[in-house]
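Please look over the sequence and the model below before reading on.

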Amino acid sequence: MSLNPFPYQLYLVISEADCAGRNFLQVAEQAILGGVDVIQLREKNSSTDSFLTKAQQLIELTDKYSVPLIINDNIEVAEKVNAAGIHVGNSDASPVYLRQQPLLHHKIIGYSIEYLSQLDNEQTAVSDYLGISPVFRTDTKTDTITEWGLEGIKTIRQLTDKPLVAIGHIHLGNAKEVMNAGADCLAAVSAICGAPDPQKAAYQLKNEILK
(Lines give C-alpha, C1' and ligand atoms only; values in the text may rest on other atoms or scores of the structure.)
Protein backbone atom coordinates (compact mmCIF):
# COMPACT_ATOMS: atom_id res chain seq x y z
CA MET A 1 0.00 0.00 0.00
CA SER A 2 1.53 3.33 -1.02
CA LEU A 3 1.50 6.12 1.52
CA ASN A 4 1.83 9.33 -0.47
CA PRO A 5 -0.32 11.15 -3.01
CA PHE A 6 1.53 11.99 -6.23
CA PRO A 7 0.00 15.19 -7.64
CA TYR A 8 3.03 16.18 -9.72
CA GLN A 9 2.90 16.62 -13.50
CA LEU A 10 6.37 17.67 -14.67
CA TYR A 11 9.30 15.75 -13.22
CA LEU A 12 12.90 16.77 -13.86
CA VAL A 13 15.63 14.13 -13.69
CA ILE A 14 18.92 15.96 -13.36
CA SER A 15 22.62 15.22 -12.97
CA GLU A 16 25.61 17.48 -13.30
CA ALA A 17 26.67 15.64 -16.47
CA ASP A 18 23.25 16.18 -18.10
CA CYS A 19 23.68 19.96 -17.83
CA ALA A 20 26.44 20.10 -20.45
CA GLY A 21 28.88 22.21 -18.49
CA ARG A 22 26.34 24.57 -16.95
CA ASN A 23 25.80 24.90 -13.22
CA PHE A 24 23.25 22.21 -12.41
CA LEU A 25 21.74 24.27 -9.59
CA GLN A 26 21.06 27.15 -11.98
CA VAL A 27 19.49 24.73 -14.48
CA ALA A 28 17.34 23.25 -11.70
CA GLU A 29 16.17 26.69 -10.55
CA GLN A 30 15.30 27.74 -14.08
CA ALA A 31 13.37 24.50 -14.54
CA ILE A 32 11.40 25.11 -11.33
CA LEU A 33 10.57 28.64 -12.44
CA GLY A 34 9.36 27.17 -15.72
CA GLY A 35 6.96 24.74 -14.07
CA VAL A 36 8.83 21.62 -12.91
CA ASP A 37 7.15 20.44 -9.71
CA VAL A 38 9.32 17.50 -8.62
CA ILE A 39 13.05 16.84 -9.14
CA GLN A 40 15.09 13.65 -9.03
CA LEU A 41 18.85 13.86 -8.58
CA ARG A 42 20.46 10.99 -10.48
CA GLU A 43 24.22 10.73 -10.07
CA LYS A 44 25.00 7.19 -11.17
CA ASN A 45 28.73 7.80 -11.66
CA SER A 46 29.45 9.93 -8.60
CA SER A 47 30.91 8.75 -5.32
CA THR A 48 28.52 8.82 -2.40
CA ASP A 49 30.39 11.83 -0.96
CA SER A 50 30.05 13.75 -4.22
CA PHE A 51 26.41 12.71 -4.59
CA LEU A 52 25.72 13.84 -1.02
CA THR A 53 27.35 17.24 -1.58
CA LYS A 54 25.23 17.83 -4.69
CA ALA A 55 22.08 16.66 -2.91
CA GLN A 56 22.75 19.02 0.02
CA GLN A 57 23.13 21.92 -2.41
CA LEU A 58 20.05 20.97 -4.41
CA ILE A 59 17.74 20.43 -1.45
CA GLU A 60 18.38 23.99 -0.28
CA LEU A 61 16.99 25.12 -3.62
CA THR A 62 14.07 22.69 -3.76
CA ASP A 63 13.07 23.51 -0.18
CA LYS A 64 13.11 27.21 -1.08
CA TYR A 65 10.49 26.57 -3.77
CA SER A 66 8.64 23.77 -1.90
CA VAL A 67 9.52 21.27 -4.64
CA PRO A 68 10.06 17.65 -3.51
CA LEU A 69 13.54 16.21 -4.06
CA ILE A 70 13.74 12.52 -4.99
CA ILE A 71 17.09 10.74 -4.75
CA ASN A 72 17.90 8.09 -7.31
CA ASP A 73 18.97 4.78 -5.78
CA ASN A 74 21.11 5.93 -2.86
CA ILE A 75 19.67 5.21 0.57
CA GLU A 76 22.46 6.96 2.46
CA VAL A 77 22.08 10.20 0.51
CA ALA A 78 18.28 10.13 0.72
CA GLU A 79 18.42 9.68 4.50
CA LYS A 80 21.16 12.23 5.17
CA VAL A 81 19.48 15.08 3.28
CA ASN A 82 15.99 14.08 4.44
CA ALA A 83 14.81 13.92 0.83
CA ALA A 84 11.13 13.71 -0.01
CA GLY A 85 11.69 10.28 -1.51
CA ILE A 86 13.80 7.76 -3.36
CA HIS A 87 13.51 6.14 -6.79
CA VAL A 88 14.68 2.61 -7.54
CA GLY A 89 14.75 0.07 -10.34
CA ASN A 90 14.98 -3.71 -10.52
CA SER A 91 18.69 -3.88 -9.70
CA ASP A 92 18.43 -1.50 -6.73
CA ALA A 93 17.14 -1.84 -3.18
CA SER A 94 13.53 -3.00 -3.32
CA PRO A 95 10.55 -0.81 -2.39
CA VAL A 96 9.53 -3.40 0.22
CA TYR A 97 12.98 -3.10 1.83
CA LEU A 98 12.80 0.71 1.68
CA ARG A 99 9.42 0.69 3.43
CA GLN A 100 11.09 -1.18 6.30
CA GLN A 101 13.75 1.50 6.84
CA PRO A 102 12.84 3.85 9.72
CA LEU A 103 13.96 7.01 7.90
CA LEU A 104 12.38 6.08 4.56
CA HIS A 105 9.22 4.13 5.28
CA HIS A 106 7.01 7.23 5.10
CA LYS A 107 8.81 8.81 2.13
CA ILE A 108 7.78 8.85 -1.55
CA ILE A 109 9.00 5.65 -3.20
CA GLY A 110 9.18 5.40 -6.97
CA TYR A 111 9.72 2.12 -8.81
CA SER A 112 10.70 1.65 -12.45
CA ILE A 113 8.77 -0.94 -14.43
CA GLU A 114 10.52 -3.05 -17.07
CA TYR A 115 8.03 -5.94 -17.39
CA LEU A 116 4.24 -6.10 -17.23
CA SER A 117 4.56 -8.91 -14.67
CA GLN A 118 5.94 -6.37 -12.19
CA LEU A 119 2.52 -4.78 -11.93
CA ASP A 120 1.35 -7.70 -9.80
CA ASN A 121 4.30 -7.89 -7.42
CA GLU A 122 4.60 -6.64 -3.85
CA GLN A 123 7.15 -4.02 -4.89
CA THR A 124 4.57 -2.22 -7.01
CA ALA A 125 2.00 -2.55 -4.23
CA VAL A 126 4.10 -0.52 -1.77
CA SER A 127 5.34 2.07 -4.29
CA ASP A 128 3.82 5.53 -4.62
CA TYR A 129 4.34 5.86 -8.35
CA LEU A 130 5.67 3.79 -11.24
CA GLY A 131 8.38 4.96 -13.60
CA ILE A 132 7.56 3.80 -17.14
CA SER A 133 11.07 3.70 -18.52
CA PRO A 134 11.79 4.25 -21.28
CA VAL A 135 8.76 5.27 -23.31
CA PHE A 136 11.17 5.86 -26.18
CA ARG A 137 14.84 4.91 -26.17
CA THR A 138 17.25 7.63 -25.12
CA ASP A 139 20.99 8.21 -24.91
CA THR A 140 20.74 9.34 -21.27
CA LYS A 141 19.81 5.84 -20.07
CA THR A 142 21.15 2.85 -21.98
CA ASP A 143 20.63 -0.07 -19.56
CA THR A 144 16.90 -0.44 -20.14
CA ILE A 145 14.96 -3.59 -21.05
CA THR A 146 11.65 -2.62 -22.63
CA GLU A 147 10.87 0.33 -24.89
CA TRP A 148 7.25 0.80 -23.90
CA GLY A 149 5.98 3.20 -26.55
CA LEU A 150 2.52 4.71 -26.43
CA GLU A 151 0.81 1.31 -26.59
CA GLY A 152 2.78 0.16 -23.57
CA ILE A 153 1.56 3.11 -21.54
CA LYS A 154 -2.01 2.39 -22.60
CA THR A 155 -1.66 -1.24 -21.53
CA ILE A 156 -0.14 -0.37 -18.15
CA ARG A 157 -2.82 2.25 -17.56
CA GLN A 158 -5.50 -0.44 -17.97
CA LEU A 159 -3.76 -2.72 -15.48
CA THR A 160 -3.01 -0.36 -12.58
CA ASP A 161 -4.32 2.77 -10.92
CA LYS A 162 -0.86 3.73 -9.64
CA PRO A 163 0.41 7.14 -10.82
CA LEU A 164 2.52 6.66 -13.97
CA VAL A 165 5.62 8.77 -14.58
CA ALA A 166 6.69 8.47 -18.22
CA ILE A 167 10.37 8.94 -19.03
CA GLY A 168 12.53 8.35 -22.07
CA HIS A 169 12.95 10.83 -24.93
CA ILE A 170 10.00 12.93 -23.81
CA HIS A 171 9.93 16.29 -25.58
CA LEU A 172 7.59 19.00 -26.77
CA GLY A 173 6.67 17.08 -29.91
CA ASN A 174 5.38 13.96 -28.13
CA ALA A 175 4.41 15.22 -24.65
CA LYS A 176 0.69 15.48 -25.29
CA GLU A 177 0.33 12.06 -26.88
CA VAL A 178 2.22 10.46 -23.97
CA MET A 179 -0.20 12.10 -21.53
CA ASN A 180 -3.15 11.04 -23.67
CA ALA A 181 -1.89 7.46 -23.60
CA GLY A 182 -2.35 7.41 -19.83
CA ALA A 183 0.68 8.97 -18.14
CA ASP A 184 -0.01 11.10 -15.07
CA CYS A 185 3.34 12.86 -15.14
CA LEU A 186 6.12 13.47 -17.67
CA ALA A 187 9.77 13.15 -16.70
CA ALA A 188 12.35 15.01 -18.75
CA VAL A 189 16.14 14.96 -18.79
CA SER A 190 17.75 16.36 -21.94
CA ALA A 191 14.60 18.20 -23.07
CA ILE A 192 15.17 20.55 -20.13
CA CYS A 193 18.78 20.08 -19.00
CA GLY A 194 20.10 20.28 -22.55
CA ALA A 195 17.83 23.12 -23.69
CA PRO A 196 19.33 26.55 -24.44
CA ASP A 197 16.72 28.01 -22.07
CA PRO A 198 15.70 25.46 -19.41
CA GLN A 199 13.00 27.75 -18.00
CA LYS A 200 11.35 28.17 -21.39
CA ALA A 201 11.66 24.43 -22.12
CA ALA A 202 9.98 23.53 -18.82
CA TYR A 203 7.27 26.14 -19.36
CA GLN A 204 6.45 24.80 -22.81
CA LEU A 205 6.33 21.21 -21.59
CA LYS A 206 4.09 22.15 -18.66
CA ASN A 207 1.75 23.98 -21.05
CA GLU A 208 1.49 20.85 -23.20
CA ILE A 209 0.52 18.84 -20.13
CA LEU A 210 -2.08 21.38 -19.06
CA LYS A 211 -3.73 21.76 -22.48
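Aspartate 73 is found in the loop between strand 3 (69-72) and helix 3 (75-80), where helices (H or I, at least four residues) and strands (E, at least two) are DSSP runs numbered from the N terminus. The model is predicted, so local features need pLDDT of at least 70 and side-chain atom pairs count only at pLDDT 80 or more, while totals for chains, interfaces and linings use all residues. Residues are numbered from 1 along each chain as its sequence is written, and side-chain values use heavy atoms, with hydrogens and water left out.

**Backbone geometry**

- Most residues other than glycine have a negative phi, and most peptide bonds are trans.
- Aspartate 73, although not a glycine, has a positive phi of about 45 degrees, and at 28% relative accessibility this residue counts as partly exposed (buried means under 20% relative accessible area, exposed over 50%, partly exposed in between, with a 1.4 Å probe and protein chains only).
- Histidine 169, in the loop between strand 7 (164-167) and helix 7 (175-181), has a positive phi near 60 degrees and is partly exposed at 43% relative accessibility.
- Serine 133 and proline 134 are joined by a cis peptide bond with omega of about -10 degrees, and proline 134 lies in the loop between strand 6 (129-132) and helix 6 (149-159).

**Cysteines**

- A search of the whole structure finds zero disulfides, a disulfide being a pair of cysteine sulfur atoms within 2.5 Å.
- The closest cysteine sulfur to that of cysteine 19 is in cysteine 193, at 4.3 Å, which is too far for a bond.
- Cysteine 19 is buried at 0% relative accessibility, and cysteine 193 is buried with a relative accessible area of 0%.
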